[in-house]
Amino acid sequence: MNAFRLAGDMTHLMSVLVLLLKIHTIKSCAGVSLKTQELYALVFATRYLDLFTSFISLYNTSMKLIFLGSSFSIVWYIRRHKMVRRSYDKEHDTFRHQFIVLPCILLALLIHEKFTFKEVMWTFSIYLEAVAILPQLVLLQRTKNIDNLTGQYVFFLGAYRALYILNWIYRYFTEPHYVHWITWIAGFVQTMLYADFFYYYLNSLKNNVKLTLPA
């Protein structure tokens, strides 16, 4: 654990809390992609298969439970809650997310550190997380109606991965034999997907104008 890792975890947690705050208090999921939330639920479900078989620390287990529980609860809210689901923009949230799941599975089967079920599923979750934000970004580009909470959610989500890259760099120089190419490359790709959003988000804050993304 180091300051970059802790900051990344807290930023990730903040993104979840912001989204839950929007959905639970406003009873609205406008601007939120169900497709992205389903992908994240799949990411955490396949990454944390060791939840009840491997104990690292109370902090580690707590974070796993939080991300698992929150991801599935958000999907439930959008799909089942009688008030929240009315605000879901099904017309614009049409990204065919199933077509990015299969390539990630195939890539995990081909490129992994160890050929075991848990390791392949963990690798799959890394690849899938790298691209899980795509439906959300496409939805925001299509609607061009980005409220503050949705913008903050996406920003915190991208910032979390950027902070993790700093964590990896720090560990590379401070820990012997710390090399994880799969995680590094996937994390870099994931951060690059946010680059355009970061630019327009920070620009909107600087100029005190409403956030919009180009089509």
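Select helix α6 (residues 134-143) together with α7: in this predicted model, their axes come within 12 Å and cross at roughly 145°. The crossing of α6 past α7 is left-handed. To display the contact itself, show Q136, L137 and L140 on α6, and T150, Y153 and V154 on α7. By class, these contact residues comprise four nonpolar and two polar, with no charged residue. Two packed helices are described by the angle between their axes and the distance between the axes.

Next, colour the segments that the UniProt record, an unreviewed entry, annotates as "transmembrane region": residues 55-78, 99-115, 121-140, 152-170 and 182-202. Keep residues 152-170 in view; this stretch is 100% helix and 0% strand, with its end C-alpha atoms 27 Å apart. Then move to residues 182-202, where the chain is again 100% helix and 0% strand.

**The largest cavity**

Rolling a probe the size of a water molecule over the atoms shows where empty space is left. The structure contains two cavities of 30 Å³ or more. Begin with the largest, which has a volume of about 100 Å³. Which residues of its lining lie nearest the centre? Select V16, Q37, Y40, F44 and Y153, which hold that position among 13 lining residues. Y153 is also part of the contact of α6 with α7. Colouring the lining of the largest cavity by class gives eight nonpolar and five polar residues, and no charged ones.

**The second largest cavity**

Now select I126, E129, R161, T183, A186, G187 and Q190, which line the second largest cavity. This cavity holds about 40 Å³ of space. At least two residues of its lining come from each of α5 (117-131) and α8 (181-207). α8 provides the largest share, four residues. The lining of the second largest cavity divides into two nonpolar, three polar and two charged residues.

**The largest pocket**

The largest pocket contains about 960 Å³ of space. Show R5, R47, N60, W122 and Y164, which are the closest to its centre of the 31 residues that line it. The largest share, six residues, comes from α7. By class, the lining of the largest pocket has 14 nonpolar, seven polar and ten charged residues.

**The second largest pocket**

For the last stop, select I146, D147, N148, G151, Q152, Y201, S204, L205, N208, V209, K210 and L211, which line the second largest pocket. About 170 Å³ of space lies within this pocket. α7 and α8 each give at least two residues to its lining. Coloured by class, the lining of the second largest pocket shows five nonpolar, five polar and two charged residues.

**Returning to α7**

Notes: Residues are numbered from 1 along each chain as its sequence is written. This is a predicted model: local features need pLDDT of at least 70, side-chain atom pairs count only at pLDDT 80 or more; totals for chains, interfaces and linings use all residues. Side-chain values use heavy atoms; hydrogens and water are left out. On a 1 Å grid over the protein atoms alone, a cavity is a set of points where a 1.4 Å probe fits but cannot get out, and a pocket is an open set with protein on both sides within 12 Å along at least five of seven lines; lining residues have an atom within 4 Å of a point. Grid points are joined across faces, edges and corners, and a volume is the space filled by probe spheres set on the points. Ala, Val, Leu, Ile, Met, Phe, Trp, Tyr, Cys and Pro count as nonpolar, Asp, Glu, Lys and Arg as charged, and the others, Gly among them, as polar. UniProt positions are given in the numbering used here, feature names are shortened, and annotations may be inferred rather than shown by experiment. Axes are lines fitted to C-alpha atoms, for helices over the stretch in contact, and angles run from 0 to 180 degrees between N-to-C directions. A crossing is left-handed if the near helix is turned anticlockwise from the far one by less than a right angle, and right-handed if clockwise. Contact means heavy atoms within 4.5 Å.
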